Amino acid sequence: MNRAGALEVSMPTVQPAELWVESGRWVKYGPELLRFKDRHDREFVYGPTHEEVITDIARRELRSYKQLPVNSTRFRANSATRSGRVSASCAHANS
């Protein structure tokens, strides 16, 4: 991945609720989304996916089309992970 110019990003499992509210999936997921508050009464979720986080990172970091393309690799946890397999898919955004 280093030769391809990709960066490794560790994704948080606990995510701010604001990202989920903004995407509309706070309501869509309903009671299936694990929600909780911290000691300062801020809402968080145990995020089942990372689309909201990636969108937030892209919105803060990408300021021009000249920064594109962006290489990324996603590792998706699905039912196959119980048997020790993890699927990976590559995404390449072109300008």
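**View 1. Strands E1 and E3 pair in the antiparallel sense over 3 bridges.** In this predicted model, local features need pLDDT of at least 70 and side-chain atom pairs count only at pLDDT 80 or more, whereas totals for chains, interfaces and linings use all residues. Strand E3 comprises residues 43-46, and Val45 in E3 is the bridge partner of Gln15. Two strands are said to pair if DSSP finds at least two bridges between them. Strands (E, at least two residues) and helices (H or I, at least four) are DSSP runs, numbered from the N terminus.

**View 2. Strands E2 and E3 form a hairpin.** Strand E2, residues 35-37, runs antiparallel to E3 and is joined to it by 3 bridges. Lys37 stands opposite Glu43 in E3. Between the two strands lie 5 residues, and in the turn Asp41 has a positive phi of about 70 degrees.

**View 3. Met11 lies in the segment before strand E1 (14-16).** Residues are numbered from 1 along each chain as its sequence is written, and side-chain values use heavy atoms, with hydrogens and water left out. Apart from residues up to four places away in sequence, Met11 touches His50, Val53 and Ile54; contact means heavy atoms within 4.5 Å. The C-alpha atoms of Met11 and Val53 are separated by 7.8 Å, although these residues are 42 apart along the chain.

**View 4. The protein contains 3 helices and 5 strands.** Along the sequence, these elements follow the pattern β-α-α-β-β-α-β-β. Of the contacts with a separation of 6 or more, 47% involve residues 24 or more positions apart.
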